[in-house]
Amino acid sequence: MRSSRWLAGAVPLGLVGLLALGEAAGAAQPDDRPTAWRAQEADRGVAEPTAATPADQPSALGRSLVGGADPTVIKVGDLYVSAKAVDGGIAVRTATTPEAVATAPKHQVWRDSAGLGEVWAPEIVHHDGQYRIYFAAGRGAAHRMYHIGSANPTSGYSAAVKVSLPGDKWAIDGAPFTYKGQRWFVWSGWSGDTNVEQNLYIARMSSPTAATGGRYVISQPREPWERVVGNPYINEAPQPVVDPSGRLHVVYSANGSWSDKYCIADLRLRADGNPTHVWDWYKSNGCLFGSHAPSMMSGWTPTVNVNGPGHHSFILPRGDVNAAPPSGNRFPTFYHAVAKGTPYSWSNRHWYSGTAVWWNNTTYRRANVPGSTTDVGYSLKFFE
């Protein structure tokens, strides 16, 4: 799961990671696990049952809730709604508290009857009066984004429709949002048709399933702290959100998901910036949520209870990135991780509940790129 060299051919690699935008916060280390990662790729996003921790069962470890990966949870009225890739398709749970999602009945809302392939990382939102679930499906290089929708959270979903994205390249972890009146879609993908590097892309949308215009790369994994584990290297699981000053962020996961170096970082759009202009984005100077201390941004500390937190979900009203957090400057989150003291593997991942807090007056720095070298604004602190 990686992407491109789109700008690598246009700008020398020596420009401090071209699109990486942030300063180095840790030294890269070699990794010898890509082969094992590729061998397990078919299981990404679906934690299969094990004798120790059956998938889809609540866990007593820390604050973990459900076995598996890639949580997505929103709030609609008084109801918390989640979606998960499981049982050859997608299941939805609803509950009156985030934690109760773990024990809520599971409603299978879609199955891969057409044989699309592995189903990864559904993302649920409630837009235009519809529950909409976006997910990746395919085999190997054939992974693309798909959409299903219903007026009811737990039944009546439409057949899967492929999301028409510019270039029609490998794409996963897509998330729709509206910013300043324009529909957008952000996802993780490859530049070409091979697994060279996994980037973050954005495109304008003319409808829930169709893009208009081109795709624009907004981040590549070029900083040393997001190249601790990889080859291919990864930027994935983008989560858009608007901060209290009205600025757009894309909060994403970096480093190999098969490693406890997996972490969460931030892209912040400059004031009045254009989301399609890569140099209008500033990247956090390290991980904001992670367990590998050398990779953390200065002033941010590693996790205490879990290893490799990543692929988070902001629990926002209707999944609307413009919705104010329900409790001032802080709001609940879900993320997946592995409990400390437990071997790090995909099968040991669980959904965890946590909290994110807006952190003002935070400076992101960059060098050897167009535009200002510093940007001050909101960042995020994550709490287990």
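## Aromatic pairs

In this predicted model, the count of aromatic pairs comes to 14, where rings of Phe, Tyr and Trp (its six-membered ring) pair if their centres lie within 6.5 Å, with planes under 30 degrees apart counted as stacked, over 60 as edge-to-face and the rest as tilted. One of them joins Phe-331 and Trp-358: the ring centres are 6.0 Å apart and the planes stand at 55 degrees, so this pair is tilted. Phe-331 belongs to strand 20 (residues 330-339) and Trp-358 to strand 21, so the pair ties together parts that are 27 residues apart in sequence. Strands (E, at least two residues) are DSSP runs, numbered from the N terminus. Phe-331 is buried at 2% relative accessibility, and Trp-358 is likewise buried, with a relative accessible area of 2%. Here buried means under 20% relative accessible area, exposed over 50% and partly exposed in between (1.4 Å probe, protein chains only).

Trp-358 also pairs with Tyr-378; their ring centres are 6.0 Å apart and their planes are at 75 degrees, so the pair is edge-to-face. Since Trp-358 lies in strand 21 and Tyr-378 in strand 22 (residues 374-383), this pair ties together parts that are 20 residues apart in sequence. Tyr-378 counts as buried at 18% relative accessibility. Ring pairs link Phe-289, Phe-314, Phe-331, Tyr-335, Tyr-352, Trp-358, Tyr-378 and Phe-382 into a cluster.

## Basis of the model

The model is predicted: local features need pLDDT of at least 70, side-chain atom pairs count only at pLDDT 80 or more, and totals for chains, interfaces and linings use all residues. Residues are numbered from 1 along each chain as its sequence is written, and side-chain values use heavy atoms, with hydrogens and water left out.

## Charges over rings

A charge sits over a ring if NZ of Lys or CZ of Arg is within 6 Å of the ring centre and within 35 degrees of the ring normal. The charged end of Arg-366 is placed over the ring of Tyr-282, 3.8 Å from its centre. Lys-381 lies over the face of Trp-300, at 4.6 Å from the ring centre.

## The disulfide

A search of the whole structure finds one disulfide, defined as a pair of cysteine sulfur atoms within 2.5 Å. Cys-263 and Cys-287 form this bond, with their sulfur atoms 2.2 Å apart. The torsion about their S-S bond is about -55 degrees, so the disulfide is left-handed. Cys-263 lies in strand 16 (residues 263-269) and Cys-287 in the loop between strand 17 (281-283) and strand 18 (289-290), so the pair ties together parts that are 24 residues apart in sequence. Cys-263 is buried, with a relative accessible area of 1%, and Cys-287 counts as buried at 1% relative accessibility.

## Salt bridges

The structure holds 14 salt bridges, each a side-chain nitrogen of Lys or Arg within 4 Å of a carboxyl oxygen of Asp or Glu. Among them, Asp-87 bonds with Lys-106, the closest N and O atoms being 3.1 Å apart. Asp-87 lies in the loop between strand 3 (79-86) and strand 4 (89-95), and Lys-106 in the loop between strand 4 and strand 5 (107-111), so the pair ties together parts that are 19 residues apart in sequence. Asp-87 is partly exposed at 44% relative accessibility, as is Lys-106, with a relative accessible area of 35%.

Another salt bridge joins Lys-261 and Asp-260, whose closest N and O atoms are 3.0 Å apart. Lys-261 is buried, with a relative accessible area of 17%, whereas Asp-260 is partly exposed at 25%.

Terms used. Helix = DSSP H or I, 4+ residues; strand = E, 2+ residues; numbered from the N terminus.
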